[in-house]
Amino acid sequence: MEPEHGKPGRGLPLSPAADASRRPTPLVYLHGGPVRSISVLDHRFLRLLAGQGYDVYAYEHPGGGRSDLLPMEQYTISRSVRDLAAFIDRLDKGPADVLGFSAGAIVLTRALAIPDTAARVHRAIIAEPGPMDGPTALINGQQGRPSARGLAPAPTGGRATHVPRYAVALGLIQLGLLPPETGLITQAEGVNAFKAADLGSDTASAYCARDAGRIPTEDTAENLSFNAAASLRIQQTIKDSPSIVPGLSRSRTPAMLMIAECSSQTRQWQTSILAAGSAIERTQYMPGVGHRMWNGLDDNNERAAAVITAFLQGEPSPLPNYPTRTGISAFLRDHR
């Protein structure tokens, strides 16, 4: 896969278990970030799906994980959507089922709004999405039940944000006072400097408050890669983009939306997709979990896998279809 310029994202396929019935349609996973490595928790969850017979393909987007860096100006949400199309083409197995989580869910949502790209998607699972376009990004709405942010113990280990040059540069970039392509720190420096402890508050925000004392390790020193500058640039291209509602409303690709009880994402970001996506067949409100829905705690992985598998196979879900498109106002009222 080599769309546009530069080198493609990389990843490893997960083959079905030998004793499982092989599913005919490949399953592509789009991780969150947007430009970081696939977490250890993601890998464990994807192995669970592979154990149920799915050919799972997970790639790390350019600039993150084991993938090569791009020139800073090439990090755009449009590039991410084109990469998804090229990746599915490279598999050469026809339309693929796609599971997009967090930032990956944004990529998937935008792909569904483009007919040529949507034609490559057999079924779409939009899990815990961020804002899909510029107008949605302007919404200041409500979040889910309380998360563990501010409650979880401070993470241990080294931090790039304790190094003055990195801390100042990354802080100014986040505030919009420096462009992501600043020369104060190079892109490679930023990627290699970031540690899991730097993301401690973001990690905690992905769990329910009740889980504050037992948040599992999401990443190891060996696998963590987070390209903060590239991530901020992609987020800015989303904020600068026009509405995708016209295209999304015309999509006919069967889709499912997943929303977490303790979501740290703005509820209206999620319900905007439900309102516009006429092909969303069901919504699954996942109780007892935060933004990181498959986290290895209790039976959370199995519950997430059950609703995903049911949708992909066109079977009844173990959870009710909630909220519905006509029930968005009531959902927002009841979950303040």
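Ala, Val, Leu, Ile, Met, Phe, Trp, Tyr, Cys and Pro count here as nonpolar, Asp, Glu, Lys and Arg as charged, and the others, Gly among them, as polar. The views show a predicted model, in which local features need pLDDT of at least 70 and side-chain atom pairs count only at pLDDT 80 or more, while totals for chains, interfaces and linings use all residues. Residues are numbered from 1 along each chain as its sequence is written, and side-chain values use heavy atoms, with hydrogens and water left out.

View A. A cavity is a set of points, on a 1 Å grid over the protein atoms alone, where a 1.4 Å probe fits but cannot get out; lining residues have an atom within 4 Å of a point. The structure holds 1 cavity of 30 Å³ or more.

View B. A pocket is an open set of points with protein on both sides within 12 Å along at least five of seven lines. The second largest pocket has a volume of about 590 Å³. Of its 27 lining residues, Pro-155, Ala-196, Ala-197, Thr-217 and Asp-219 lie nearest the centre. By class, the lining has 14 nonpolar, 8 polar and 5 charged residues.

**View C. Contact of helix 1 with helix 12.** Helices are DSSP runs (H or I, at least four residues) numbered from the N terminus. Phe-45, Leu-48 and Leu-49 in helix 1 meet residues of helix 12 including Ala-304, Ala-305 and Ile-308, where contact means heavy atoms within 4.5 Å.

How values were computed: Grid points are joined across faces, edges and corners, and a volume is the space filled by probe spheres set on the points. Helices (H or I, at least four residues) and strands (E, at least two) are DSSP runs, numbered from the N terminus.
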